[in-house]
Amino acid sequence: MNIIQTFKMSIKSIWHNKTRSLLTMLGIIIGVASVITLVSVMQGAQKQIMDSYNSMGTNRIDVYYSSWQNDLTDELYAFCKTLDEYVDGITPNAGASVQARYKTKNIEMRLRYGSADYDLCNNWTLKNGRTISYADIKNRVRVCTIGSYIADSFFGLENPVGKQIKINGYNFTVIGVYESKYPDTPTDMQQYTDDNQIVVPYTLNRTISGTTTIDQFVIKGKNGESVTAAIEEIKAFLKPHFKNEWDYSVYSSNEWQDAIAESNTMMTLLVAGIASISLLVGGIGIMNIMLVSVTERTREIGIRMAIGAKQSNITWQFLIEAAAVSAFGGVIGIIIGGIGSVVLSAAILKEVYLPSIPTAIIAFTFSAILGMFFGYYPANKAAKLDPIE
């Protein structure tokens, strides 16, 4: 008897015992659906976290120092400008929470002191207008670029460019509007994102804040290797100015992104491992039902062996039945898991994420292998039965 005939007989046996087969699949269905759903949601959460970090820009270096010991604003800025071999731009990144006013509207927003490289260093894109220029910084011109939340809240459908707003009592002319980095964020939550920010020339910090000291900078590296070299150069510059290393910090967002990606991958594997326990339970269920099936079908097995069926034929018949039941359960589990991924991701992440193809393939393959693994013992037991018994 060839493998095709054995396969047909196995499928026929499953079809004739539909209720029992469905109950046998149940454990596999639940296991696969759990793995698919949880892994998909974890991957969606990981994507959102990485998108948030990527929105800040890659090859970004953040510098902070304790300004109460030293005022290195001009020195540090000038030094980083000399690192043009490694650095594409540098901007102060200090700021404060301020009240802004346009006509009768008031908004509390984040104010940032920036240079002409602010957009480049922080990965911002202008929607319209222009960015702060070197001339604005040198001449301390009261101009500003604003986030999309401020533009919508203050001006609605009006063009903000050229309009004047008051910041802490001073008039500033809007010269540009940034595109939103968080377009999918609900309107009532956008005020808590960076879309609610206003950028002014950093030379105006004394006018607004009453101080000339800036202790936070963002530097844009040319590439990953340049970032590493620039960090070493900046640390070497800062070290002689401070007694302790914890009085300043120089770090790259690349390090955070790599660490977070690795952590998220481990969490995804952990969740998948926990969910896979239900698959093992489903596999044990298959073994139990197949053992019952062997006991019920001793007459069929004896007749087949009496008319010439070999032990290998009997073994393959039960192995194929176990694998087929498990594989069908895997397919149903993938479908249910896909639905669960959509519902759960929409509810938790406010965005729909579907299972990835590799995840679905791995879950299906694992379920089929699991069926054959747990089906081997019943199949082997059936093959060793004495035809007379």
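**Group meeting: a walk through a predicted model**

Hi everyone, let's start with burial: of the 389 residues in the protein chain, 45% count as buried, where buried means under 20% relative accessible area, exposed over 50%, and partly exposed in between, with a 1.4 Å probe and protein chains only. Please keep in mind that this is a predicted model, where local features need pLDDT of at least 70, side-chain atom pairs count only at pLDDT 80 or more, and totals for chains, interfaces and linings use all residues. Residues are numbered from 1 along each chain as its sequence is written, and side-chain values use heavy atoms, with hydrogens and water left out.

Now the overall picture. The protein chain has twelve helices and eleven strands; these are DSSP runs numbered from the N terminus, with helices being H or I of at least four residues and strands E of at least two. Take contacts, meaning heavy atoms within 4.5 Å: among those between residues at least 6 apart in sequence, 79% join residues at least 24 apart.

Let's go inside. Which residues touch the most other members of the largest nonpolar core? They are Leu76, Ile146 and Leu238, in a core of 55 residues. Helix H8 (residues 224–238) gives this core its largest share, six residues. By nonpolar core I mean a set of buried Ala, Val, Leu, Ile, Met, Phe, Trp, Tyr and Cys residues joined through side-chain atoms within 4.5 Å. Phe155 itself is buried, with a relative accessible area of 3%.

On to the rings. The structure holds eight aromatic pairs; rings of Phe, Tyr and Trp (its six-membered ring) pair if their centres lie within 6.5 Å, and planes under 30 degrees apart count as stacked, over 60 as edge-to-face and the rest as tilted. Tyr77 and Tyr202 make a tilted pair, 5.4 Å centre to centre with 40° between the planes. Tyr77 sits in helix H3 (residues 73–81) and Tyr202 in the loop between strand E9 (197–201) and helix H7 (205–209), so this pair ties together parts that are 125 residues apart in sequence. Tyr77 is buried at 15% relative accessibility, and Tyr202 is buried at 13%. Phe154 and Phe155 have ring centres 6.0 Å apart and planes at 80°, so theirs is an edge-to-face pair. Phe154 is buried too, with a relative accessible area of 1%. There is also one aromatic cluster formed by Tyr65, Phe242 and Tyr248.

Next, strand E1. Why is E1 (residues 60–65) described as largely enclosed by the rest of the structure? Because five of its six residues are buried. E1 pairs antiparallel with strand E10 (residues 216–221) over five bridges, where two strands pair if DSSP finds at least two bridges between them. Ile61 has Ile219 as its bridge partner in E10. Strand E11 (residues 248–252) also runs antiparallel to E1, joined by five bridges, and there Asp62 stands opposite Tyr251.

One last stop: Thr193, in the loop between strand E8 (170–178) and E9. Thr193 is buried, with a relative accessible area of 12%. Setting aside neighbours within four places in sequence, Thr193 is in contact with Arg110, Tyr182 and Thr185.
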